[in-house]
Amino acid sequence: MQPIVNVTGLTKQFNNLTAVQDLSFSVYEGDVYGFLGQNGAGKSTTIRMLLSLIRPGSGKIEIFGRDLQHYRNEILTQVGAVIEKPDVYKYLSAYENLKLFARLSGIRATDTRLMEQLEQVGLAGRAKDTVKTFSQGMKQRLGIAIALVHDPKLIILDEPTNGLDPQGIADIRNLILHLSRDLKKTVIVSSHLLSEIEQVATRVLIIDKGKKIVEGSAQELFDPSQTLVALQTLNHTGAWQKLQNSKWSENLQQQRGMVILLKLDRDQIPQFHRDLVAMDIELVSLEPRHSLEDYFLQVTSGNQHVDTYTD
């Protein structure tokens, strides 16, 4: 299957800060692609490069099979995005905002069509109300309606639940599922909230300090039958090399500091322990971790930098 988005070796540096480093990933048609990382991990910088708001230092971005650098205008006519808080006119109504942005996009939408779009995001009942009376969650949904006004194939949402109350978060979650299941859109959604990504994503990418940590289907990554095991030894470098050359190589996930992480079926752990002894790996501890959240916190731990950018 040909990916809708294909990113290869993407790197971006601001002065002495490397915000994104050699990042590669693919997004396929129909995905809800969860882009997961702590604040400052490089998510917003990557999304701004996907939208051609900032230029990569190196690497390649292809969207709909075309190079973004050479076919920017054609590509972006098929992309809708909400970056952080949507910019809307608070003294205009929801309907007036949507109509204005449709005109700015060169779309001649009928009143019926505009109301249908507000209905899709749950705002038809507030169409005539001024945006200054809206909650932040309602403003986010209006921003998504504006991003949909030209019927794009790809929707990109950067931290869409930031600053929302629990009801607002649930509304955005349900809207993302509606976009995917009912409207058949491909969605990229970034977040630092693993619990939210877990509920909507079909595929997940975890990044930390601009680097890809792990990528895979949500079904695999969130599989409750799998256990994350944290291994500590007296010689973690030697242990990593021995495990890479063993039958356990496909279970290796990450080496971070003194800890080696593996993903195992629960019933594999006793045999794994016996094999560690047989490989003469000097074991300090072998600690099961029972959720992707433990893994996420482990691999994204340490000093974090703030995601900054310039035009």
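Reader: At what angle do the axes of α3 and α4 cross?

Author: This is a predicted model, in which local features need pLDDT of at least 70, side-chain atom pairs count only at pLDDT 80 or more, and totals for chains, interfaces and linings use all residues. Residues are numbered from 1 along each chain as its sequence is written, and side-chain values use heavy atoms, with hydrogens and water left out. Helices (H or I, at least four residues) and strands (E, at least two) are DSSP runs numbered from the N terminus, while axes are lines fitted to C-alpha atoms, for helices over the stretch in contact, with angles from 0 to 180 degrees between N-to-C directions. The axes of α3 and α4 come within 10 Å, and their crossing angle is roughly 115°.

Reader: Which residues of α4 make the contact with α3?

Author: The passage of α3 across α4 is right-handed, a term for a near helix turned clockwise from the far one by less than a right angle, left-handed being anticlockwise. Contact requires heavy atoms within 4.5 Å. On the α3 side the residues are Ala94, Tyr95, Leu98, Lys99 and Ala102. On the α4 side they are Asp111, Leu114, Met115, Gln117 and Leu118.

Reader: How are α3 and α5 oriented to each other?

Author: Helix α3 spans residues 94-104, and its axis comes within 9 Å of that of α5, with a crossing of roughly 30°. Ala94, Asn97, Leu98 and Phe101 of α3 meet Leu142, Ala145 and Ile146 of α5. Angles under 35 degrees count as roughly parallel, over 145 as roughly antiparallel, 65 to 115 as roughly perpendicular and the rest as oblique. The two helices, α3 and α5, are therefore roughly parallel.

Reader: Which residues of α6 make the contact with α5?

Author: The axes of α5 and α6 are 10 Å apart and meet at about 20°, so α5 is roughly parallel to α6. From α5 the contact draws on Gly137, Gln140, Arg141 and Ile144. From α6 it draws on Asp171, Ile172, Leu175 and Leu179.

Reader: Which strands stand at the edges of the open sheet of six strands?

Author: Two strands pair if DSSP finds at least two bridges between them. The order of the sheet is β6-β7-β8-β3-β9-β10, with mixed pairing. Each edge strand has a single partner, so one of its sides is left without a neighbour in the sheet; these strands are β6 (79-83) and β10 (211-217).

Reader: Which strands does helix α6 touch as it packs on the sheet?

Author: β6 pairs with β7 (residues 154-158) in the parallel sense over five bridges, and Gly80 stands opposite Ile155 in β7. Helix α5 (residues 136-147) packs on the sheet against β6 and β7, its direction making about 160° with that of β6. Helix α6 (residues 166-181) also packs on the sheet, at about 155° to the direction of β8. The strands that α6 touches are β3 (32-36), β7 and β8 (186-191).

Reader: What is the relative accessible area of Leu123?

Author: Leu123 belongs to the loop between α4 (111-120) and α5. Leaving aside neighbours within four places in sequence, its contacts are Leu118, Phe134, Met138, Arg141 and Leu142. Buried means under 20% relative accessible area, exposed over 50% and partly exposed in between, with a 1.4 Å probe and protein chains only. Leu123 is buried, its relative accessible area being 0%.

Reader: Which residue in β13 stands opposite Leu228?

Author: Strand β11 (residues 226-233) has six of its eight residues buried. Seven bridges join β11 to β13 (residues 259-265), and the two run antiparallel. In β13, the residue opposite Leu228 is Lys263.

Reader: Which elements are included in what covers the buried residues of α9?

Author: In helix α9 (residues 236-244), the buried residues are His236, Gly238, Ala239, Trp240 and Leu243. Their cover includes β11, β12 (252-256), β13 and α10 (269-278).

Reader: How far apart do the C-alpha centres of domain 1 and domain 2 lie?

Author: The protein chain has eleven helices and 14 strands, and buried residues make up 49% of its 311 residues. The domain bounds, which come from an automatic or database assignment, are 5-217 for domain 1 and 223-310 for domain 2. The C-alpha atoms of the chain fill a box of roughly 75 × 40 × 35 Å along the principal axes. Between the C-alpha centres of the two domains the distance is 33 Å.
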